[in-house]
Amino acid sequence: MPSARRRTQLLLAALAAGVLSAGCSASGDAQGAAPSASAADAQEVAYYRCLEKQGMALEVTDSGHLRVDKDKAAAAGAAKQQAAEDKCRSKLPGSTQPKASADAVEAARKITACFRENGVPEYPDPDPRTAEIKLSDELAAKVKRDFAEVAAKCSPADGRSGIVGG
């Protein structure tokens, strides 16, 4: 599973590709521009408005599309940006995540139980829908630094843990 930073980069790249493939639309400034109104654009606008409600600053591109103001997002911090993206992900066009199988969720729960039994009581529960285990940057660093043996013991043999973060 890619790291949270890598997932964000992939998400931004996908958005950029979508904006580039959308063609020309009305231009405007960040104060009063109205983005293009196709169905895909409407979903994109809903996603960005959701991010805005989560406290992310937006700007409008020269082509009239919304985007996160990168400078203000950096100032807000990666954790706030990640939380906003997680909250709004379902509104992003084409980003629906398939539900994980019961086996995948159970495997993720076993990973969590293993870490907790081996000295990492704050290890988070997996997402019951996707089976992802989201670690904060701090916890990921702690696991890498102090619990490498536990990580090796608790990780599945195929190397696909579903762990996100760090």
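This is a predicted model: local features need pLDDT of at least 70, side-chain atom pairs count only at pLDDT 80 or more; totals for chains, interfaces and linings use all residues.

Visitor: Which helices do the buried residues of helix 6 pack against?

Guide: In helix 6, which spans residues 137-146, Leu139, Ala140 and Val143 are buried. Seen down the helix axis, these buried residues fall within an arc of 100 degrees, so they line one face of helix 6. On the other side of helix 6, Glu138 and Arg145 are exposed. The buried residues pack against helix 5 (102-117) and helix 7 (148-154).

Visitor: Is Ala131 buried or exposed?

Guide: Ala131 is placed in the loop between helix 5 and strand 3 (133-134). Although Ala131 is not a glycine, it has a positive phi of about 70 degrees. Buried means under 20% relative accessible area. The relative accessible area of Ala131 is 7%, so Ala131 is buried.

Visitor: How far apart are the closest N and O atoms of Arg49 and Glu52?

Guide: Arg49 and Glu52 both lie in helix 2 (residues 39-53), 3 residues apart, which is about one turn of the helix. Arg49 is partly exposed at 32% relative accessibility, and Glu52 is partly exposed at 37%. The two form a salt bridge, and their closest N and O atoms are apart by 2.9 Å.

Notes
Residues are numbered from 1 along each chain as its sequence is written. Side-chain values use heavy atoms; hydrogens and water are left out. Buried means under 20% relative accessible area, exposed over 50%, partly exposed in between (1.4 Å probe, protein chains only). Helices (H or I, at least four residues) and strands (E, at least two) are DSSP runs, numbered from the N terminus. The arc is that of the directions from the helix axis to the C-beta atoms. Contact means heavy atoms within 4.5 Å. A salt bridge is a side-chain nitrogen of Lys or Arg within 4 Å of a carboxyl oxygen of Asp or Glu.
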